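Subject: Structure handover

Hi,

Here is the structure for you to look over. My notes follow below it.

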Amino acid sequence: MNTAIHASPADCGEAAALRILSLQRAAQREQPIATLQERRQHLRRLERLLLDNRDAICAAINADFGNRAHQETLLLELFLSVDGIRDCHRRLARWIRPQRRKGSLWFAGARNRVIPQPKGVVGVIAPWNYPLFLVMGPLTSALAAGNRCMVKMAANSQHLCALLQRLVARDFAEHTLAIVPNVSGAVFSSLPFDHLIFTGSAATGRQVMKAAAANLTPVTLELGGKSPVIVADDFDLKTAAARILQMKTVNAGQTCVAPDYLLIHESRVEAFVEHCKAIVPKRYPALGARDYTAIVDRPAFERLLGCLEDARDKGGRVVPLLPGLRSDAATRKIAPVLVLDVHDSMQVMREEIFGPILPVKTYRSLDEALDYINERDHPLALYLFSHRRAVQARVIAATRSGGVALNDCGLHVAQHDLPFGGVGASGMGHYHGYEGFLEFSKQRPVFQQFAWPAFRLLYPPYGKTFERLMRLMLGR
């Protein structure tokens with residue numbers, strides 16, 4: 001039974017965050033290294049918390065969004081979180097073993113090893129778009145590495161935040177794991193954590209990094225950007241459309257690795273449009289379909305409508321993919337659309353979209369498509385639809401992105417043995433799998449001297465022996 005005192009609703013915000021941080025730091029000093037058994041217990045406890053409360057979690061997320069199908073939450077948040085925890089549990093015994101490293105010939109008899117140790121207290125700042133998975137993913141890696149964790153959730157995730165705070169308080173000691181509500185991002189990111197992970201926009205990521213720098217806190221930033229999709233001329237258009245639209249319409253496109261714009265040969269655009277028009281109504285018969293997620297809040301809803309109006313005003317052709325209503329302010333839903341004839345002055349081509357809008361840009365040659373991608377910030381994800389190995393190798397070699405998926409979209413995030421993270425403007429650092437364990441660990445090198453080291457022959461006062469040995473060591 002957990003007997004630790006947890007924050008009451010009134011004990012929240014900056015004071016609570018400081019108190020919990022002090023508590024976790026004291027606990028870390030008292031027990032700096034958690035055992036394998038303790039780490040596994042934490043992971044199992046986290047898994048049970050999710051499985052035993054799946055219905056309440058789905059209901060809370062649905063309430064925060066205004067509408068999100070519980071099936072999407074089960075698949076994209078519950079399953080991925082639980083599967084990641086189980087994968088980590090299976091591999092953890094191997095990850096925590098000290099590694100033997102080779103020593104220099106000139107230090108014969110000495111021994112080297114690297115010991116993975118916890119960094120200490122890890123702060124997790126999670127966004128609203130996948131409010132469970134983007135809490136549980138970092139927590140899995142951080143707890144597996146033996147850290148203690150504090151979590152700040154997004155303002156748009158109040159129902160889930162209240163639920164998780166209550167469940168975590170019941171199942172975990174506060175000196176191990178705590179959800180801290182009602183604390184601002186500015187305050188939370190300025191706390192002297194031993195590591196801080198933030199998922200969100202690039203603009204906010206810069207602020208988080210600046211605040212963390214004051215404490216020399218290392219950061220992992222999972223940002224976003226405009227993830228491109230290239231459809232090569234050898235790939236079946238119907239299959240490509242089906243897979244691209246799945247990742248573009250799930251969660252109403254409010255996904256950091258959603259396809260942000262499409263690059264397709266100019267001769268194939270109209271055929272692609274026709275496939276899209278046939279596919280979407282089969283998945284969502286109308287805008288009011290319960291399976292179709294709402295836009296998270298009114299400002300986001302209005303921003304997306306503004307992007308569409310801007311595209312129309314600048315000559316873009318907006319193609320709705322559902323019959324009937326194109327948007328509904330009461331339910332904050334926007335029908336999936338394609339935007340054709342796009343150019344770089346449009347908002348949809350300058351800003352990350354984060355909604356069910358897919359701009360379509362044409363190219364005449366693959367070089368033209370690659371040049372367009374490379375003239376912009378490195379994206380979090382890059383998608384290529386082609387069966388040709390030469391094309392795959394060329395695109396991977398010629399571009400930079402956080403991750404790559406070939407012939408599908410987004411599924412690289414679900415591979416627990418692949419690291420997930422951005423590069424450049426799309427982020428820094430990784431989590432998931434072994435790379436996540438490493439991210440939240442200090443790889444501590446340990447050198448152990450031999451009982452009778454030859455290195456003492458190099459001690460001063462320096463003379464002929466030293467000179468002979470240096471010539472031998474330098475090889476001349």
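**Domain interface**

25 residues of domain 1 are in contact with 29 residues of domain 2, where contact means heavy atoms within 4.5 Å. This is a predicted model, so local features need pLDDT of at least 70 and side-chain atom pairs count only at pLDDT 80 or more, while totals for chains, interfaces and linings use all residues. Residues are numbered from 1 along each chain as its sequence is written, and side-chain values use heavy atoms, with hydrogens and water left out.

Domain 1 covers 9–223 + 432–444 and domain 2 covers 228–425. These bounds come from an automatic or database domain assignment. The centres of the two domains, taken over C-alpha atoms, are 30 Å apart.

About 2,300 Å² is buried between domain 1 and domain 2. Carbon and sulfur atoms give 52% of that area. Buried area here is the accessible area (1.4 Å probe) that two parts lose on being put together, summed over both.

The rule finds 14 residue pairs in polar contact across the interface, both residues at pLDDT 80 or more. Which elements supply the domain 1 side? Helix H3 (54–65), helix H4 (70–95) and helix H15 (433–439) each supply at least two residues of the side that touches domain 2. H4 gives the most, with eight residues. By type, that side of domain 1 divides into nine nonpolar, eight polar and eight charged residues.

The cut-offs behind those terms:

- A polar contact is a pair of N or O atoms within 3.5 Å; within protein, one must be able to donate a hydrogen and the other to accept it, and residues adjacent in sequence count only if both atoms are side-chain atoms.
- Helices (H or I, at least four residues) and strands (E, at least two) are DSSP runs, numbered from the N terminus.
- Ala, Val, Leu, Ile, Met, Phe, Trp, Tyr, Cys and Pro count as nonpolar; Asp, Glu, Lys and Arg count as charged; the others, Gly among them, count as polar.

**Salt bridges**

How many salt bridges does the structure hold? The count is 19. A salt bridge is a side-chain nitrogen of Lys or Arg within 4 Å of a carboxyl oxygen of Asp or Glu.

Between domain 1 and domain 2 the count is one. Asp417 and Arg91 meet in a salt bridge through their side chains, at 3.7 Å, N to O. Asp87, Arg90, Arg91 and Asp417 are linked in a network of salt bridges.

Buried means under 20% relative accessible area, exposed over 50%, and partly exposed in between (1.4 Å probe, protein chains only). Arg90 counts as exposed, at 57%. Asp87 is buried, at 7%.

Two more pairs to look at:

- Glu270 and Arg317 form a salt bridge at 3.0 Å, N to O. Glu270 lies in helix H10 (residues 269–283) and Arg317 in strand S10 (residues 317–320), so the pair ties together parts 47 residues apart in sequence. Glu270 is partly exposed at 43% relative accessibility, and Arg317 is partly exposed at 36%.
- Arg376 and Asp344 form a salt bridge, with the closest N and O atoms 2.4 Å apart. Arg376 lies in the loop between helix H13 (366–374) and strand S15 (381–385), and Asp344 in the loop between strand S13 (337–340) and helix H12 (347–350), so the pair ties together parts 32 residues apart in sequence. Arg376 is partly exposed at 27%, and Asp344 is partly exposed at 35%.

**Two single residues**

Gln28 lies in helix H1 (residues 14–30). Gln28 is buried, with a relative accessible area of 11%. Not counting residues up to four places away in sequence, Gln28 touches Pro118, Gly120, Gly146 and Arg148.

Arg243 is in helix H9 (residues 237–249). Arg243 is partly exposed, at 32% relative accessibility. Leaving aside neighbours within four places, Arg243 is in contact with Phe235, Phe385, Asn407, Asp408 and Cys409. Arg243 and Asn407 are 164 residues apart along the chain, with C-alpha atoms separated by 8.2 Å.

**Overall**

The protein has 16 helices and 18 strands. Its C-alpha trace spans about 85 × 65 × 35 Å along the principal axes. Of its 476 residues, 51% count as buried. Among contacts with a separation of 6 or more, residues 24 or more positions apart account for 74%.

Best wishes
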